[in-house]
Amino acid sequence: MALILLVLEAMVRGGEGADSTTPVVMVAIFLTSSASVSKTISDHAFTAQWDRLMRIRLLGASPCRLLGSILAVQGLMAAFSGLIGVALGELMKPLARPAMARLDMLLPEHGILPNLSSILMTVLLSVLCQCLGAILAAVRVIRARPDLQSMPRSSGRRHRALSTAVMLLVVLATCLMIYLKGTGAAAGGMGILLIPLLAWALIRVGRPLLNRAAGVIMAGYPRGPVVTLALRNQETTRAASLFTMVVVATAVACGLFGFLGYSDANARASLTTALAGGSVISPVGSDRGALDHWAAYVRSRDTDPLILAPATVVPMAKDGAGCDRQIRRAASYYRGASRLQIDGDLSRIFPSAALHPARDSTGLDGLDGVVASSPEVGAGLSLGAPVCIDDGNGPARRSRIAAIADLPGGMGQYFIPSHLSTSTSRNAWKTGYERWGGRTPLALVSSQVGGREVPTGVVDQTAEAWVANLPTGKIYAQTGGEGMKEMAVIVYPVLVICAVGVLSLIFTMVEERRRTRAVAVLLDLGVWRYGCSGTLRYLSEVLPAFLLACAGSLLVVNLCSHPQSVELYGGISFYCPAGQLGLLLAVVLAMGLVALVAHMISYVRLVCQG
Amino acid sequence: METGHDGWDASKSQVTAQGVGPDGGGTVLRARSVCYDYSENGRRRHRLLGKSYDRNGPAPQIGPVNIELQDGCITALIGPSGCGKSTVLKLLAGILTPLRGQIWYEHRDIARQPDFRRARLRRTEFAFIFQDYMLVDSLTVAENIILPRSLNGSATDDGAVRRALACVDLPTGVMRRKVGELSGGQQQRVAIARAMIMDAQVLFADEPTGNLDPRAREDTLDAIQAAMSAGLKASLLVTHDARVASRADRILYMRDGRICGSYPHMDQEDIDRLLLSGSE
């Protein structure tokens, strides 16, 4: 909730030059997963109360009246829980802020005072999600005949199977088409859109397949009581949607971490290839002494190095504010690490820049200035578009986009001349501090260290080592933040939402099995065997869901991302966010323990009641 | 005894209420040529192909059925298990939508009305008693009794609830108790009290005494007759119990989805013989 509050505050306040798509994407992901979980839990609740709902319908409640009552209850509960969540979120903000600042998602001085509009929006969105999920679940209730004793199977099974098969074929065909012909970042973007479709198709087809598989397992020779109790439970298998939630969680984790990781791997590979044989020299610290030592060492290594240093670039605002003010406003919401000021001949150091000819301009030769990425400059800007830049050489000033190209490794797209003064020509800087005072530059030189002695206060490493030491996602990160850790901030709350839903379903399922439990107690099945049957029931649904969602999402990620990597620099054969998936699997298995304990406690409680 | 004839040709009239023509007075609810098919495919097939299909395709599983519920009359619908009695009751009560035919109530064909209008009938004009009592477990006796009126947005005071309970011979002390705490017979009488408080016109009872012991059965049937005296215009009892059917003013015999016979009040032994041997 703190995250949503902060994100909504950022959206409400706005921020020129900030990566404005990130808050929208984050909120959209949260809302979609919350609505999905809400629908799942509502489905289960309606199944459990089916006979009560049908009696009310039979006694004269019209479908609209029933739907209105459901929405009223759900909306009220959602508003109440939203307010509680907001209160908890406000309490958590002081704890969340330092963590987000460490991840470069916020400036340390960024204020976190309560913002009424973001609070209202959070509660409103909470109500919206809950009601949307309830409506989707209520469709089956209001359409059913009032005399039905139990929730009907979805009608038109053949139609559903056909449409799901078609959807899966579309996903697969699109992936193959991208694999064979797709190029550029658009392919990856399409892949992200395919992940939800895949998840939806898996949810539609996976549950019936699981039921059939359970039936096949149970057919033939008799199984023991534990397996029988676990696999024969049609009521809960019809509505229990552990499968749905695990698929959603796994698809989100696999998809987002997968695409980010693959893009990051692409970026690293392309940078490594571009910088092959060269070195990266950086100062330790940004004080005068460190920068002067660094500058002297760089000059000794290469007379014409390529220097990269942070800069700030924003598009010209229409309100006519001066560049200084625009830069200050924009600086509220991002750090400049990924905006690079370049001194040097880019095409010399990046020979493969020939693979990425400038889409506009006369070319990259001899062009020095600032290279900015689209989220900072603003996507859609064209050649000659005015921008404000601050490269540390005096006040912020106006310039224009002089060239557009796609540099490898997410290094940027828009070239903006620095309008360096003639006294500060490419090789004329006297000391490092005069030129880069207060900022930490990097020098890219085209030769290895060899036997040269590296002075203290300077780090000289091979390009490969430098790329390898970059945090995952940093090259690809648009905000200059920590890449994968930022993605974790987006993904893990979704997983928490799903985990809460799974826990809720586990306890509901334990409660619903009271007749089974009564028979188990009567026949003295034993607390351990009863617990095992519940755990096996849980695992028989979540493990296939995890594996199917994993396999499908990884297939989509790798098929969609491979063409771009091949085009860039040879390609990466396969990528899997193993760490994140391992953590998710561990959480899923840990929930199995919860199921075991919950079943055992319910059994013991019934035994004690006599 | 008057008998009907089999065959499902829609052009031939099935058995109608004895002594009363289609437009006869005193008819509260009238069903004409009502047909129904249990399977979704069957319903779709009949809806799409309509009359042209009738002559050549398979017959619907229920009907055509003609039934009239007379004013002041308890009508029992009897027949072997699985012959479609409950389905006919649900069709007449507006719970199911017939494939074809008309169901006239107060000059309106409710078979063609949308669901929300039929829902309104169910909470204002029609009352229900089912074998499982059709009460909401989580509500108290009083809340169950006033439920249809609550759905209708009408306020009900405790006095009305007490009067309804008195009519079915239940003490007012049960008002605040959960229905699950009552016996089967008491729960069934709560359902009847609900019918009385909503000023229903027609009572539909599906195996109302199926779960009851003999004493509770008699109490329930007495309560139904008391409700008839209190304001109900007509009742339709679906049962396979001859003792219950013997309390009815008219008996309709059903078999294989069709009405095969219509009889005046009969003794229990005659009804037993009818059920054992079928329509003769």
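1. Let's start with the aromatic pairs: in this predicted model, the count over all chains comes to five. One of them joins A:Tyr530 and A:Tyr603, with 5.5 Å centre to centre and 35° between the planes, so by the angle classes it falls under tilted. Both A:Tyr530 and A:Tyr603 are buried. A:Tyr530 sits in helix H19 of chain A and A:Tyr603 in helix H20 of chain A, so this pair ties together parts 73 residues apart in sequence.

2. Chain B has an edge-to-face pair for you to look at: B:Phe126 and B:Phe204, at 5.2 Å centre to centre and 75° between the planes. B:Phe126 belongs to strand E6 (residues 126–130) and B:Phe204 to strand E7 (residues 202–206), so the pair links parts of chain B that are 78 residues apart in sequence. B:Phe126 and B:Phe204 are both buried. They also belong to one aromatic cluster, together with B:Tyr105, B:Phe128 and B:Phe130.

3. Now to the nonpolar cores. The largest has 53 residues, and A:Leu242, A:Tyr538 and A:Val556 have the most contacts inside it. Several helices of chain A each supply at least two of its residues, among them H2 (21–48), H17 (484–512) and H19 (527–569). The largest share, 15 residues, comes from H10(A).

4. Leaving aside residues up to four places away in sequence, A:Val556 touches A:Val171, A:Cys175, A:Gly191, A:Leu194, A:Ile195, A:Leu198 and A:Phe259.

5. Do have a look at chain B here too: a second, separate core of 52 residues includes B:Ile197, B:Ala216, B:Tyr253 and B:Ile271.

Technical notes
Residues are numbered from 1 along each chain as its sequence is written. Chains are lettered from A and ligands numbered from 1 in the order in which they are written. This is a predicted model: local features need pLDDT of at least 70, side-chain atom pairs count only at pLDDT 80 or more; totals for chains, interfaces and linings use all residues. Side-chain values use heavy atoms; hydrogens and water are left out. A nonpolar core is a set of buried Ala, Val, Leu, Ile, Met, Phe, Trp, Tyr and Cys residues joined through side-chain atoms within 4.5 Å. Buried means under 20% relative accessible area, exposed over 50%, partly exposed in between (1.4 Å probe, protein chains only). Helices (H or I, at least four residues) and strands (E, at least two) are DSSP runs, numbered from the N terminus. Contact means heavy atoms within 4.5 Å. Rings of Phe, Tyr and Trp (its six-membered ring) pair if their centres lie within 6.5 Å; planes under 30 degrees apart count as stacked, over 60 as edge-to-face and the rest as tilted.
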